[in-house]
Amino acid sequence: MTEILPSYVRGAWWAPDASDATASATEVRDASTGEVVARVSTEGLDLGAVLEYARTTGQASLGELTFHQRAVLLKQMALALTERKAELYELSSRTGATKQDSWVDIDGGIGVLFTYSGKGRRELPNAKVHVDGPVEQLSKDGSFLGRHIHTRLPGVAVQINAFNFPVWGSLEKFAPAFLAGMPTVVKPATPTGYLAEAFVRILVESGLLPDGSLQLVSGSVPDLFDHLRLGDLVAFTGSASTAERLRAHDAVQTGGVRFTSETDSINASVLGADAVAGTPEFDAYVKQLVVEMTTKAGQKCTAIRRAIVPEASVDAVIDAVRARIAERVVVGDPRAEGVTMGPLASIAQRDEVLRQVRRLQESGGELVIGSTDAPAVSLADGTTGEASDGAFVAPMLLRFADAQADALHEVEAFGPVASIVGYGTTAEASALVARGGGSLVTSVATHDPQVAVELASGIAAYNGRVLFLDRDDARSSTGHGSPLPNLVHGGPGRAGGGEELGGIRAVLHHMQRTAVQGSPEMLTALTGVWHAGATARPEGEHPFRKSLTELRLGDQVISASRTVTLDDIETFANFTGDTFYAHMDEEAAAANPFFPGRVAHGYLLVSWAAGLFVDAAPGPVLANYGLENLRFITPVSPGDSIRVELTAKQISPRETDEYGEVRWDAVLKNQDDELVATYDVLTLVAKEREPAAVGV
């Protein structure tokens with residue numbers, strides 16, 4: 001008898017006693033052959049203890065790490081999975097996934113880890129607190145400030161995943177939670193949970209997971225929500241009806257548990273009126289539609305369900321889709337040579353898809369491509385025939401003459417099924433998109449910017465993402481149905497109202513934004529960022545002589561003054577070619593409401609400032625690689641003088657390099673102590689004195 005699929009909980013692999021699980025175990029079968037792959041049961045599992053282990057052990061181990069340290073671990077996890085992804089591909093074929101489908105799921109999930117590793121190191125500080133937005137001055141003398149910070153939630157991130165993406169679906173939730181410092185419990189869908197178990201096993205065996213940072217529950221979780229509390233988070237992917245039932249639980253309604261969902265979505269793809277047959281946009285539209293119908297056998301929450309095309313182009317699109325399916329799509333066992341579309345995930349899923357197709361037909365949908373009959377398929381032994389134990393269906397396209405038919409906009413056949421309908425005006429196309437009640441994504445194929453603008457204004461509020469496809473981006477486009485870790489994934493209304501991914505936005509979903517108020521000294525301690533008015537140390541060794549390990553927040557240089565002359569201004573103007581009238585024409589400059597007469601170039605002042613604060617000898621400072629937030633406040637006239645105060649504002653060691661980044665607060669003032677300019681200087685500084693040569 002096939003063994004029970006184990007869970008990974010409380011730092012060990014666990015499975016119920018065979019005697020306890022016999023009656024409750026669910027059999028999981030190969031989607032193509034019907035062979036039993038695994039048995040699934042959580043009989044006897046203490047979910048409360050699983051969650052508490054995450055809140056204690058997981059929180060403690062992740063809390064020891066900074067954002068950058070977690071980011072480095074994510075990259076190492078991605079590499080560990082990459083080394084063994086052949087094992088995952090082999091298992092993935094049992095779910096009905098072709099090699100291309102598996103690439104989307106497995107390599108896509110690994111890519112999310114790589115992306116969040118890179119973004120974490122580039123966009124987050126090497127710290128445990130994330131500062132949000134600028135300082136708010138709450139007193140005239142600068143002694144009382146306000147700021148917003150993000151700190152990690154104190155609980156556990158529970159992810160409840162759908163069957164269609166057992167690897168990507170888990171990793172796209174896990175990566176931002178891990179980067180935020182929040183432990184995760186993964187609950188995969190039963191039909192493909194064995195693939196999720198395989199990637200978790202690889203990560204466990206890699207030794208990279210901090211204790212309690214990732215747990216896996218293989219099977220049902222009937223009393224899970226009874227154990228959740230304030231500080232926990234649930235990320236759900238699945239049906240809208242299940243999401244509503246979970247959202248109604250007291251833990252969410254009154255217990256403070258965060259709940260985000262990504263659910264059913266009747267996504268649309270609109271063909272612009274300009275994209276007639278023969279145009280690159282028409283061809284790209286048809287190609288994309290067929291790809292979305294057949295990738296993962298149409299089992300994608302982002303797949304195109306409604307093809308909305310100009311009435312005059314409906315027949316042309318149908319003909320082109322039919323021809324492309326005939327030419328490109330081979331249905332069968334993914335292990336058979338030449339197969340491009342595998343079965344659905346299970347017999348139950350196949351039967352559900354056919355049931356929904358019948359609903360579409362009963363509501364006026366005419367089946368113009370494909371059939372509900374069992375298709376002839378390519379089998380693993382090289383023959384062709386019916387596979388009674390496989391969950392195979394053919395790609396199907398239904399035509400609706402009535403664009404207002406309710407089923408067209410409400411019924412989702414979660415398989416290789418789409419419907420096509422015509423529209424008259426662009427406004428009508430927008431209205432049809434909106435009838436979906438909120439979608440994850442809509443794509444638009446047009447080369448007319450005005451059509452794009454009109455559609456965007458009509459449909460953006462109903463979608464989490466809108467893709468514009470034309471001849472200029474058709475080859476480089478990642479496609480209608482591909483959520484990217486850089487961009488938000490989710491949608492309003494029927495799509496669940498949730499939001500995942502979106503770069504660092506997803507990390508912040510696992511953190512609490514809090515307004516903190518206090519003195520500059522206190523905010524410096526709370527944020528790890530020096531604030532004007534906090535302790536500064538202008539005395540002693542020049543800060544540029546200090547290595548990263550020696551430098552401290554508040555280390556400062558106060559320069560001597562330098563007087564600006566008219567000759568300086570003219571020399572700079574002639575040398576750089578910047579002869580703007582404010583610098584060269586006294587009468588014109590005086591007529592300008594911002595200047596008292598001829599003034600010094602702002603970039604002259606910034607250049608002089610560098611000369612005033614720099615320590616010229618070789619040392620721990622390796623490079624100046626930019627400045628940010630530059631603002632010119634008070635004009636400087638001939639005869640005025642400037643000085644600069646440069647203060648170590650933020651110190652960020654790089655985990656994998658022998659140097660780090662230092663952000664310096666630069667303030668230029670004139671002889672009357674008026675603020676002339678402010679900006680941040682960015683330098684790369686060696687961690688130790690006398691470093692080896694480092695490339696920038």
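Q: Which backbone nitrogen does the side chain of Thr524 reach?
A: The side chain of Thr524 reaches the backbone nitrogen of His531, at 3.1 Å. The model is predicted, with local features needing pLDDT of at least 70 and side-chain atom pairs pLDDT 80 or more, while totals for chains, interfaces and linings use all residues. Residues are numbered from 1 along each chain as its sequence is written, and side-chain values use heavy atoms, without hydrogens and water.

Q: Is Thr524 buried or exposed?
A: Thr524 counts as buried because its relative accessibility is 12% (buried means under 20% relative accessible area, exposed over 50%, partly exposed in between, with a 1.4 Å probe and protein chains only).

Q: Where is Thr524 found, and what is Thr524 in contact with, leaving aside neighbours within four places in sequence?
A: Thr524 is found in helix H17, residues 520–527 (helices, H or I, of at least four residues and strands, E, of at least two are DSSP runs numbered from the N terminus). Beyond those neighbours, Thr524 is in contact with Val529, Trp530, His531, Ala534 and Leu553 (contact means heavy atoms within 4.5 Å).

Q: Turning to the pocket, how much space lies in the largest pocket?
A: The largest pocket holds about 1400 Å³ of space. A pocket is an open set of points on a 1 Å grid over the protein atoms alone, where a 1.4 Å probe fits, with protein on both sides within 12 Å along at least five of seven lines; lining residues have an atom within 4 Å of a point. The volume is the space filled by probe spheres set on the points, which are joined across faces, edges and corners.

Q: Which lining residues are closest to its centre?
A: Of the 45 residues that line the largest pocket, Val529, Lys649, Gln650, Arg663 and Asp680 are the closest to its centre.

Q: And which element gives the most to the lining?
A: E5 gives the most, with 7 residues.

Q: What sheet do E5, E6 and E23 form?
A: They form an open sheet of 3 strands in the order E5-E6-E23, with antiparallel pairing (two strands pair if DSSP finds at least two bridges between them). Strands E5 (130–137) and E23 (511–518) stand at the edges with a single partner strand each, so one side of each is left without a neighbour in the sheet.

Q: How many bridges join E5 to E6?
A: There are 5 bridges between E5 and strand E6 (residues 145–152). Gln137 stands opposite Leu145 in E6.

Conventions
Polar contact = N/O pair within 3.5 Å; in protein donor to acceptor, adjacent residues only side chain to side chain.
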